[in-house]
Amino acid sequence: MSQEQLGNGLGLTFQQVQKYEKGLNRIGAGRLYHIAKLLAIEPAFFFQGLPEVADTEADPRVAHRQQEVSAFMASPDGYAIVMALSEITDSNVRRRILDLVRAVGGVDMPAEGH
């Protein structure tokens, strides 16, 4: 199926479909479901091979960390940081900023997607 055909099925231009394909625009759950139906596949296809989500019930440390992150994201500083980073369109620059923040904060965790 061409990008134009997919776009027509979604009510979008092929340029908008290209932005999804290149990762410039995010795809919401509803639109992902619609894409799967147009391609005659199950929505689960898009998630094959992804790591399993941590079971917060089994590991209270994970649940606690998620609560800490949620609280920070809800704070004025967390919101401001996310908004500022979202304005940076170059993914390499964003990764370098993340590396810098990890180094300054002494955070020793693997970089996702590297």
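Let's start with the lining of the largest pocket: its residues split into 15 nonpolar, five polar and six charged. Here Ala, Val, Leu, Ile, Met, Phe, Trp, Tyr, Cys and Pro count as nonpolar, Asp, Glu, Lys and Arg as charged, and the others, Gly among them, as polar.

A word on the model: it is predicted, with local features needing pLDDT of at least 70 and side-chain atom pairs pLDDT 80 or more, while totals for chains, interfaces and linings use all residues. Residues are numbered from 1 along each chain as its sequence is written, and side-chain values use heavy atoms, with hydrogens and water left out.

**Exercise 1.** Work out which elements line the largest pocket.

*Solution.* Step one: the lining has 26 residues, and Met 73, Ile 81, Val 82, Leu 85 and Leu 98 sit nearest the centre. A pocket is an open set of points on a 1 Å grid over the protein atoms alone, where a 1.4 Å probe fits, with protein on both sides within 12 Å along at least five of seven lines; lining residues have an atom within 4 Å of a point. Step two: the elements giving two or more residues are H4, H5 and helix H6 (91-105). Helices are DSSP runs (H or I, at least four residues), numbered from the N terminus. Step three: H6 gives the most, with six residues.

**Exercise 2.** Describe how H4 and H5 cross.

*Solution.* First, the axes of H4 (residues 60-74) and H5 (residues 76-86) come within 4 Å and cross at roughly 80 degrees. Axes are lines fitted to C-alpha atoms over the stretch in contact, with angles from 0 to 180 degrees between N-to-C directions. So H4 is roughly perpendicular to H5, a label for angles of 65 to 115 degrees. Next, the contact (heavy atoms within 4.5 Å) is made by Phe 72, Met 73 and Ala 74 of H4 with Pro 76, Asp 77, Gly 78, Tyr 79, Ile 81 and Val 82 of H5. Finally, sort those residues: seven are nonpolar, one polar and one charged.

**Exercise 3.** Is Ala 40 buried or exposed, and what is its phi?

*Solution.* Find Ala 40 in the loop between helix H3 (29-38) and H4. Its relative accessible area is 69%, so Ala 40 is exposed; exposed means over 50%, buried under 20% and partly exposed in between (1.4 Å probe, protein chains only). Now the backbone: phi of Ala 40 is near 60 degrees, a positive value in a residue other than glycine. Most residues other than glycine have a negative phi.

Terms used: Angles under 35 degrees count as roughly parallel, over 145 as roughly antiparallel, 65 to 115 as roughly perpendicular and the rest as oblique.
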